[in-house]
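I opened my notebook for a friendly look at one helix and what surrounds it. Here is what I looked up.

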Amino acid sequence: LPRVDRVVFAHGVFTDRPAFLGSEELQHRINATAVRWFCEASVRPGRLVLVGSHAWRRASVASVHRSTGLAAYRASKRLLFLYGLQLAERGWDVHTVHPGVVRTEIARDACFWTRLAYRALQGLVGVSPEQAASTVERLVIEPALAVPSGTYWYERTPHPELARAHRDEARALRWVA
């Protein structure tokens, strides 16, 4: 890719079915590694908005290949945040955002109880895809953000202290293509 000005990664996959062989690897590749592959193919860095999940805060990177379901999903979103910090150090203008619990069908392939719990959560605190998109849109089109690259956004509020708190963890993480 010759030049990238602005890119949004608003993709994700989740499954909690142990019968789905390789689900943890699929979640890892789609939710986190795809961002690295894209950035390695780009000649010049630009602004990158990563749509994450606040679930990463309860994850261990070590569990990304040893767990399934929600634990693997959380770990993949933690990796996404950490890869974002690495990219910030490589010159990208990176912002990871949790736009809220978006009312989507991400859990449609989950077991009955997980789907039921997720629907209840969506009903209590869920936001529409349009509301989530407005948060992402602000990060994409605003020319100069008043926070450093690598900042984590919870809905519309920046939390640059999380980047500082996890910078060593990101630096220790091996960048593997």
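Helices (H or I, at least four residues) and strands (E, at least two) are DSSP runs, numbered from the N terminus.

I noted that this is a predicted model, where local features need pLDDT of at least 70, side-chain atom pairs count only at pLDDT 80 or more, and totals for chains, interfaces and linings use all residues. Residues are numbered from 1 along each chain as its sequence is written, and side-chain values use heavy atoms, with hydrogens and water left out.

Next I looked at His166. H5 has a kink of about 50° centred on His166; the bend is the angle between axes fitted to the seven residues ending there and the seven starting there.

Is His166 buried or exposed? I have it as buried, because its relative accessibility is 14% (buried is under 20% relative accessible area, exposed over 50%, partly exposed in between, with a 1.4 Å probe and protein chains only). Pro160, Leu162, Ala163 and Ala170 of H5 are buried too.

Then I checked contacts (heavy atoms within 4.5 Å). Leaving aside neighbours within four places in sequence, His166 touches Trp56, Arg78, Phe81, Leu82 and Leu85. The cover over the buried residues of H5 includes helix H2 (69-89), strand S4 (151-154) and strand S5 (157-159).
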